[in-house]
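Hello,

I am handing this structure over to you. Please open it first, then read my notes below.

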Amino acid sequence: MVVYHPDGRAWAANAAFTRLFGLRFEDVPPGYNVLTDPELERHGALPFVRRAFDGEVIRVGPIHYNSPGRYGRGQETWTYGHFFPVRDQQGRIQFVVVLHVDLTDHIKVERDLRVANGRYRALVDATSAMVWSTDASGLVDDMPAWRRLTGQTRDEVRGHGWANALHPEDRERA
């Protein structure tokens with residue numbers, strides 16, 4: 001969590017901020033202002049952040065932080081930022097609280113899954129062996145070698161459509 005003055009200057013942060021970004025609050029660069037943050041600008045998030053400082057509750061992200069020399073240890077960090085303007089009794093914004101939700105592990109797992117899926121697809125597409133995947137009900141996703149053999153399209157193979165390429169007397173057994 002980080003608390004900002006209405007003009008965008010950082011006012012305070014909790015210990016979780018240090019754990020997330022590897023940066024103690026005391027080490028935030030002098031003159032840092034969330035309303036001019038180049039990382040947020042690069043991600044196209046500044047217009048949304050400014051809306052929070054104008055009084056809207058806003059969620060921004062995911063934002064990727066990986067800036068050695070500018071922020072903390074320079075470790076890769078992904079977050080959603082939830083911006084909550086806090087007003088006084090007259091309705092003036094006194095400060096804006098930002099709660100960062102750490103998405104780093106989630107993003108890395110998604111990236112690893114995309115890479116693994118790409119490798120799997122490349123192997124399946126390149127092999128002449130009959131390789132396919134099914135769900136618990138036996139519905140087939142795709143069978144590239146089967147498509148090459150039978151001439152069926154990907155859509156025709158999906159589900160139980162691959163069986164349409166079998167001789168009718170062989171379907172029940174297959």
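Predicted model: local features only at pLDDT ≥ 70, side-chain atom pairs only at ≥ 80, totals over all residues.

**What turned up**

Met-1 counts as partly exposed, because its relative accessibility is 34%. Met-1 is found in the segment before strand 1 (2-4). Together with Val-57, Phe-84 and Leu-99, Met-1 makes a nonpolar surface patch of about 320 Å².

**Helix 4**

Next, look at helix 4, residues 104-126. This helix has 23 residues. From first C-alpha to last, helix 4 reaches 33 Å, close to the 33 Å expected at 1.5 Å a residue.

Which residues of helix 4 are buried? They are Thr-104, Ile-107, Arg-121 and Val-124. And what do these buried residues pack against? Two of the partners are strands: strand 4 (77-87) and strand 5 (93-102). The others are helix 5 (144-150) and helix 6 (154-157).

The side chain of Arg-121 meets that of Asp-125 in a salt bridge, at 3.4 Å from N to O. Asp-125 is partly exposed, because its relative accessible area is 39%. How are the two placed along the helix? Arg-121 and Asp-125 are four residues apart in helix 4, so about one helical turn separates them. The general rule behind this is simple. An α-helix has 3.6 residues a turn, so residues three or four places apart point the same way.

**Other salt bridges**

How many salt bridges are there? The count comes to ten. Here are some others to find.

- Arg-42 forms a salt bridge with Glu-39, and their closest N and O atoms are 2.9 Å apart. The two residues sit three apart in helix 2 (residues 38-42), so they are separated by about one helical turn. Is each end buried or exposed? Arg-42 counts as exposed, because its relative accessibility is 55%. Glu-39 is buried, with a relative accessible area of 9%.
- Glu-26 and Arg-24 meet through their side chains in a salt bridge, at 3.4 Å from N to O. Glu-26 counts as exposed, because its relative accessibility is 57%. Arg-24 has 44% and therefore counts as partly exposed. Salt bridges link Arg-24, Glu-26 and Asp-27 in a network.

**Aromatic rings**

How many aromatic pairs does a search of the whole structure find? It finds five. One of them joins Phe-21 and Tyr-65. Their ring centres are 5.3 Å apart, and the planes stand at 90°. That makes the pair edge-to-face.

**Where to start**

Then turn to the ring pair of Phe-21 and Tyr-65.

Best wishes

Definitions and conventions. Residues numbered from 1 in each chain as written. Heavy atoms only, no water. Expected span 1.5 Å × (residues − 1). Buried < 20%, exposed > 50% of the residue type's maximum accessible area, 1.4 Å probe, protein only. Contact = heavy atoms within 4.5 Å. Patch = residues over 30% accessible without salt bridge, like charges linked within 9 Å, V, L, I, M, F, W, Y side chains within 5 Å. Areas by Shrake-Rupley, 256 points an atom, 1.4 Å probe, with all protein chains shown as cover. Salt bridge = Lys/Arg side-chain N within 4 Å of Asp/Glu carboxyl O. Phe/Tyr/Trp six-rings, centres within 6.5 Å; stacked < 30°, edge-to-face > 60°.
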